[in-house]
Amino acid sequence: MTSTPASDPDPSGAHGPEMGPGLAGARARMVERDLAGRGIVHPGVLRAMGTVPRERFIPTDQAEFAYEDHPLPIAQGQTISQPYIVATMAEAAEVGPQDRVLEIGAGSGYGAAVLSRVAAEVWTIERHEALADGAHRALQDLGYGNAHVIWGDGTLGYPEAAPFDAIVVTAGGPRVPEALLEQLADGGRLVIPVGPETRGQELVRVRREGDTFDEEDLGPVRFVPLVGAQGFAGGDTTGAAEPVTIPVSGPAPARIVTTPSARIPHGVSALVAEVAEPFGSITGAEVGPLLDRIGDCPVVLLGEASHGTSEFYRMRAHITRELIRRKGFTVVALEADWPDAARIDAWVRHRSPSPPGFTAFSRFPTWMWRNREVAGFIDWLREHNAGLEGQRQQVSFSGLDLYSMFTSRDAVLAYLDRVDPEAAKVARARYGCLTPWEHDPARYGRAVVTGRFAGCEQGVVETLSDLLRQRLDYATRDGDTLFDATQNALVVANAERYYRVMYYGSVDSWNLRDQHMYETLQTVRAQHGPGTKVVVWEHNSHVGDASATEMGARGEHNVGMLCRREYGSDAFLVGFGTDHGTVAAASEWGGPMEHKSVRPSHARSYERICHDSGVPAFMLHLRDPVREEVRDELTPPRLERAIGVIYRPETELQSHYFEAVLPRQFDEYIWFDETAAVTPLPAHELAEAPDTYPFGL
Ligand code: SAH
């Protein structure tokens, strides 16, 4: 890009060919009276305001008002800022002669013209194409070659030219756009009006020092709304299909399309950018609107696109805390083994600890629940429950999965040893036939199916039936733990079947497992009484409605689909997604945890649409979005990525993508463009942890 240094002779000086002497005088008076007279001291700014012909940026019939100190209407219902405000913002941004400056909201181009006379180089972004064109022409006619006009969404900044020493936003947004903070140079200043759309705003200056951002209020102001991905939603769209740079200098064509940037959205991505609710930090994310959408739903399912991504775990915990605090949720149920979760449950509800020697979440994959993110939530839950009287209001923690055949068996036997030693003897004999497969339950199914072994089905089912039959009697003796023992006996029975059908293929065993998780969820809910509100943490593939995916087409169902069938719109299904980053996963079943990098998403995927929105993190409502087109546009089936315990990036298209219809699969989709692996709790740390800590026992 050619650039004209700000110090070049100014072709628009008071004696320029098109400059009437009357207007030059009016301009000088404006600088004196309205700027210097009201406290503007920045010499460069005063000089620039004394040189730039404001009349060239407004409709000709308004020229006589060019140097009145108030805003004037320009095209598209927008305004050219009042000269005093243009000067105030340039001064507040401390623009200097060496600076590279970004302006958001080119409007007429006047502000950019002033900035271009003070700074080394200026980029200005405008969302209305007609205005961008007009600003470009005005700047070009004046020969301001160091000012570049870009047509697009300014809330995403202009990464191509970042970092900027100063950023000036000439429209009022709900908050400071994260993208602009990122594009601010060390030592840089960002000036922006911030406040609710309908009322006035506060002019805010953010100063960056390293990774610290200091914010100052500079007083009340009133600007037109900043509309965009990280501004206000709504309004008409620009229709900008590609980022367009309109160079000011030279005989170049009126516009040049720059290299397509993923950050300036188009098509369905632009729509997503417009309606999505962006958020900055996870703990600071305002989930109020999401909670409003959840309304009175008693069952909320929160997914994850991998079993090893920190952001998914932390965001789920954040939402769950708010569901507990503000909506009366009292059960957290997860894709974890019943006995492990029961151990945590005893801890968070301040009941007696499990027998010593028990280690929660110690089977592969340990990092899935045995990580810092989960530990943080568990600590919070324990603290939350401490303040509550009576077990009713306390929040419980339950495991829905069925992999714990042997731990569950031991738990049932321990229970029976206590309450009914005779029954324990019988159960021990019946369960005995499982013993040879203790270290490799998957081989059990093979032995039964190939007829080399009679199987244990009858025995394990009888044990469960005995327990249920004895329920009343046992309850009087030891009611507290009967429920736990019964659930464990159910796990053994269903796990026995699970391993048996696993041999035949994945559909039946998948369905059995999800059926078990769903039924356990229902049992837990019933156990806690009518109206109990439950939040579920499982992988997207269990949580999203399977009938909207290729799993459904294969005959698979899942927890989300069964909940939808049972609860209809009273079940609220939330999916999560990411484009790239790192993830904790293994290369094969039973293998060690590795940090793997997640490849940028596939071109035909929903993830790519979200990535191209340019919004780094957002919540996207799908059930009843503010703009119905969102559902329509997202309805043609696309690929969706699922990373489980295993991740093989080399073959990810075959092994980690499936076809889905996102708006039918989920009611809400939560996006993190870049994500990082969970932090597992290492064994040596566990050894040193206080022995009251649940993971340490
Ligand atoms: N600096 C301008 C004042 C323009 S008023 C001047 O001196 O003339 C604010 C402008 O911001 C309007 O033109 C509006 O269309 C534009 N705008 C609002 N949201 C925007 C966004 N997200 N990206 C780019 N421009 C935006």
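Visitor: What makes the contact between the side chains of Arg 38 and Asp 69 a salt bridge?

Guide: In this predicted model, the side chains of Arg 38 and Asp 69 come together with a nitrogen and an oxygen 2.6 Å apart, and because a salt bridge asks for a side-chain nitrogen of Lys or Arg within 4 Å of a carboxyl oxygen of Asp or Glu, the pair qualifies. Arg 38 sits in the loop between helix H1 and helix H2, while Asp 69 sits in the loop between H2 and strand E1, so that the pair links distant parts of the chain, 31 residues apart.

Visitor: Why is Asp 69 called buried, and why is Arg 38 called partly exposed?

Guide: Asp 69 has a relative accessible area of 15%, and because buried means under 20%, Asp 69 is buried. Arg 38 has a relative accessible area of 42%, which lies between the 20% limit for buried and the 50% limit for exposed, and therefore Arg 38 is partly exposed.

Visitor: How do you know that Glu 311 and Arg 314 form a salt bridge, and where do they lie?

Guide: The closest N and O atoms of Glu 311 and Arg 314 are 3.6 Å apart, and because the cut-off is 4 Å, the pair counts as a salt bridge. Both residues lie in helix H9, 3 residues apart, which is about one turn of the helix. Glu 311, at 11% relative accessibility, counts as buried, whereas Arg 314, at 35%, is partly exposed.

Visitor: How many salt bridges does the structure hold?

Guide: The structure holds 36 salt bridges, and one of them joins the side chains of Asp 667 and Arg 564 at 3.0 Å, N to O. Asp 667 lies in the loop between helix H25 and strand E22, and Arg 564 in helix H21, 103 residues apart. Both Asp 667 and Arg 564 are buried.

Visitor: Why are helix H13 and helix H14 called roughly antiparallel?

Guide: The axes of H13 and H14 come within 6 Å and cross at roughly 155°; because angles over 145 degrees count as roughly antiparallel, H13 is roughly antiparallel to H14. Among the residues that meet are Leu 413 and Leu 416 in H13, and Ala 424 and Tyr 431 in H14, and by class the contact has 9 nonpolar, no polar and 3 charged residues.

Visitor: What makes the pair of Phe 364 and Trp 589 edge-to-face?

Guide: A pair of aromatic rings is described by the distance of the centres and the angle of the planes. The structure holds 21 aromatic pairs, and in the pair of Phe 364 and Trp 589 the distance is 4.9 Å centre to centre, with 75° between the planes. Because rings pair if their centres lie within 6.5 Å, and planes over 60 degrees apart count as edge-to-face, this pair is edge-to-face. Phe 364, with a relative accessible area of 19%, is buried, while Trp 589, at 57%, is exposed.

Visitor: Why is the pair of Trp 369 and Trp 537 called stacked?

Guide: The ring centres of Trp 369 and Trp 537 are 6.4 Å apart and their planes stand at 25°; because the limits are 6.5 Å for a pair and under 30 degrees for stacked planes, the pair is stacked. Trp 369 is buried, with a relative accessible area of 4%, and Trp 537, at 1%, counts as buried. Tyr 313, Trp 369, Phe 377, Trp 380 and Trp 537 form one aromatic cluster.

Key. Residues numbered from 1 in each chain as written. Predicted model: local features only at pLDDT ≥ 70, side-chain atom pairs only at ≥ 80, totals over all residues. Heavy atoms only, no water. Helix = DSSP H or I, 4+ residues; strand = E, 2+ residues; numbered from the N terminus. Buried < 20%, exposed > 50% of the residue type's maximum accessible area, 1.4 Å probe, protein only. Axes fitted to C-alpha atoms, helices over the stretch in contact; angles between N-to-C directions. Parallel < 35°, antiparallel > 145°, perpendicular 65-115°, else oblique. Contact = heavy atoms within 4.5 Å. Nonpolar A, V, L, I, M, F, W, Y, C, P; charged D, E, K, R; others polar. Phe/Tyr/Trp six-rings, centres within 6.5 Å; stacked < 30°, edge-to-face > 60°.
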